[in-house]
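Hi everyone, thanks for coming.

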Amino acid sequence: MSGKDRQKQLAREHHERQIQRRMEREARAKRNAIIGTSSAVVVVVGGVIAVTTLFGGGDPSSATVDPAPTASPPSPSATKEAARPTAFDPAAGTCGYVADAGGGPAKDVGLPPAKVDTSPKTMTLKTNRGDIVVEVSAKKTPCTVNSFAFLAKKKFFNGSKCHRLGSDRFPVLQCGDPLAKADGKGQTDGQGGPGYRFVNENLKGAKYTRGVVAMANSGADTNGSQFFIVYGDAPLTPDYTPFGTVTKGLEIIDKVNKGGVITPGPDGTGAPKETVEIKDVTMSSKS
């Protein structure tokens, strides 16, 4: 091979490596934009939802946009330096919550207590459209349920609006950003949280079928306050903590879905035309 041919080969290989790296970056970005809790969604989740960080996973309706429920991803430097949350310790009966070093907008109410109660519970979301009742699994998702009980007690969700409605192919309603405007104009919808993070739970064999309630995130162990309610069957990978099932009020979300979204994003999701505002959240022992 001549020197000239060798130079051409090296240039070609360099170009191919560049293409491969770009494809890998795009694939990572697409995964992050699904169900995260950041601004990329709609975050989506994605927040994104979202919507670039709502849930994570492939977009069922587009080859280039991922609609999963996501939340805003933390910066690489923050992730590297931040303390890691710890899973439930059955012996001690505790969960490890840590401050969110990502720097996203937050309604700071402190950290949940480390000690958790794993007895059966029911969560009620009182909304402007009626009550949505969720049977939560404190045994399978102790850290998640403990966080919701803490936030409910602090009135964290009061006055918040569900900021992202999905589509027929991505049937979810995402809520839990205390700062979301949900007016189709808010550029930061899907970025807000409680100022802390906790671990993923109950992922083995997770399915996101009608009635399931799960956490939005921006990667492993980045849960905050954003969650989504599935009103169909969502084709998501098992990356989002399923912590409960709707037992009453799912027809409310069906009606909101029929109203559509204000300004659909590339993935078809957006703020619902029929606003869903959470007036209050209560957590009670299951009778």
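So, which residue does arginine 129 form a salt bridge with? The partner is glutamate 274, and their closest N and O atoms are 3.1 Å apart. By salt bridge I mean a side-chain nitrogen of Lys or Arg within 4 Å of a carboxyl oxygen of Asp or Glu.

Before I go on, this is a predicted model: local features need pLDDT of at least 70, side-chain atom pairs count only at pLDDT 80 or more, and totals for chains, interfaces and linings use all residues. Residues are numbered from 1 along each chain as its sequence is written, and side-chain values use heavy atoms, with hydrogens and water left out.

Okay, back to salt bridges.

Take aspartate 280, which pairs with lysine 155, with the closest N and O atoms 3.3 Å apart. Aspartate 280 sits in strand β15, while lysine 155 is in the loop between α3 (142-153) and β8 (160-161), so this pair ties together parts that are 125 residues apart in sequence. Helices (H or I, at least four residues) and strands (E, at least two) are DSSP runs here, numbered from the N terminus.

Aspartate 280 is buried, at 15% relative accessible area, whereas lysine 155 is partly exposed at 42%. Buried means under 20%, exposed over 50%, and partly exposed in between, using a 1.4 Å probe and protein chains only.

Last one: aspartate 117 bridges to lysine 121, at 3.2 Å between the closest N and O atoms. Here aspartate 117 is partly exposed, at 42% relative accessibility, and lysine 121 is buried, at 8%.
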